[in-house]
Amino acid sequence: METTRVKAATTTSNIGEQMYQLIKELFPICRSITGNGVSQTLDIIKRDIPLIVHKIPTRTKVFDWEVPKEWNIRDAYIMNSKGEKIVDFANSNLHVVNYSIPVDTSVSLKVLKEHIHTIPEHPDWIPYRTTYYKEDWGFCMTHNQFQKLTEDVYDVYIDSSLKTGYLTYGEYCIPGDRQDEVLISTHICHPSLCNDNLSGIGVATYLAKELRRRKLRYSYRFLFIPGTIGAITWLSLNESKVKNIKHGLVASLLGVNAGFTYKRSRLGNAEIDQVVEEVLTQSGVNHKVFNYSPYGYDERQFCSPGFNPEYHSSADNLELVKPEALEDSFLMYRQIINMLEANMKYININPKCEPNLGKRGLYNMIGGDNWGKNFQLALLWILNLADGNHSLLDISKRSEIDFESISQAARRLVEHKLLLET
């Protein structure tokens, strides 16, 4: 891997800070699984990449689900009898339970408490709560605020709408030499939460910006979708495209300096699993790898996120996410893609005994300072295992020679017409 050189080159472009500025612009927007916040978010992303925006009508049947009503909100508050707003949507869009129905009434403290959500173990944080599929209303506040509530009559007001509309998502496809695709999905349904998942939006956007300038073996499809229902909707409407998807990653929780977390595919040993784990191991960074489970984000639908203590609360803010962590995540994704692009399978087209490497000029390189014994062994291992079934990563692991050396040796053998890509 070329981590040091690549990182230095990228740092000069200040890509971590650019992603952070995108996140900063997106942070105030109240997003949900539908609504104006999603459209506004996609419009901002479109400044960087040419997204195609799809609008799927309410009640469209998508497998066992249907597209829900569209939700929008303009204002909300709780006011005491003194005319003081003790909770105000204008201060934090987490204060209102996402998808709350319109409310304009007065209630007792007892009734109000039935609609209040807090995090007692973190009394200064505002939780993020939703009621997507049950028509209800509610507010979120810090537990410290909650404990200060007194007997009173409270005016509760939520100026929202829940009506026939659309589920909106963005899609961007970058063609490669093959129709085989790598799918990179990130969810865009959370309001003012930075690590989950403005970090995923930032990394996916800038990864797409870079890949569109490269010559690629695979084609790449980027999805900016509402969680769960967005993945289900896309899959339902695009079954004919699924056969082309060979690898997939769900980008989430990428903005903090806490190492990396990867959740394996349901298969457990798919090529993408092997590539990600190899890149993480070679990087030397702190990381954890978990087996697949049917709980999490859209990997449940597409068949890889981790969780941190700030999950789904006001603590997941602009102070939590760091530009350097965003850059590290971007570089990690780029290294994964680099390995996927290079991880080919070959056929040895001169398989009867060992070919004469010397007459092809390869033997002279073996004694050079640049390659040495590893390069000689890499050539021999590749020629021996190039049967159309072993990838370069397979050969790297079997030979215990680093992937970059194996990849470079394979390129030299292709140049000398000793290998044919399958």
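How many aromatic pairs does a search of the whole structure find? It finds six, where rings of Phe, Tyr and Trp (its six-membered ring) pair if their centres lie within 6.5 Å. Before you click, note that this is a predicted model, in which local features need pLDDT of at least 70, side-chain atom pairs count only at pLDDT 80 or more, and totals for chains, interfaces and linings use all residues. Residues are numbered from 1 along each chain as its sequence is written, and side-chain values use heavy atoms, leaving out hydrogens and water.

**Stop one: aromatic rings**

Select Trp-65 and Tyr-133. Their rings pair edge-to-face, 5.5 Å centre to centre with 70° between the planes (under 30 degrees is stacked, over 60 edge-to-face, the rest tilted). This pair links distant parts of the chain, 68 residues apart: Trp-65 sits in strand 3 (residues 65-66), and Tyr-133 in the loop between strand 7 (116-117) and strand 8 (139-140). Helices (H or I, at least four residues) and strands (E, at least two) are DSSP runs, numbered from the N terminus. Trp-65 is partly exposed at 34% relative accessible area, and Tyr-133 is partly exposed at 48% (buried is under 20%, exposed over 50%, partly exposed in between, with a 1.4 Å probe and protein chains only).

Now go to Tyr-77 and Tyr-157. Their ring centres are 5.2 Å apart and the planes meet at 35°, so this pair is tilted. Tyr-77 belongs to strand 4 (residues 70-79) and Tyr-157 to strand 9 (residues 153-163), 80 residues apart. Tyr-77 is buried at 18%, while Tyr-157 is partly exposed at 22%.

Next, select Trp-65, Trp-71, Tyr-99, Tyr-132 and Tyr-133 together: they form one aromatic cluster.

Cys-353 is not a glycine either, yet has a positive phi of about 70°; Cys-353 counts as exposed at 67%.

For a cis peptide bond, zoom in on Asp-196 to Asn-197, with omega near 15°. Asn-197 lies in helix 6 (residues 194-211).

**Last stop: two helices**

Show helix 9 (residues 271-283) and helix 14 (residues 392-399), which pack at about 50° with axes 11 Å apart. The contact (heavy atoms within 4.5 Å) is made by Gln-274, Val-275 and Glu-278 of helix 9 and Leu-393, Asp-394 and Lys-397 of helix 14.

Technical notes: Axes fitted to C-alpha atoms, helices over the stretch in contact; angles between N-to-C directions.
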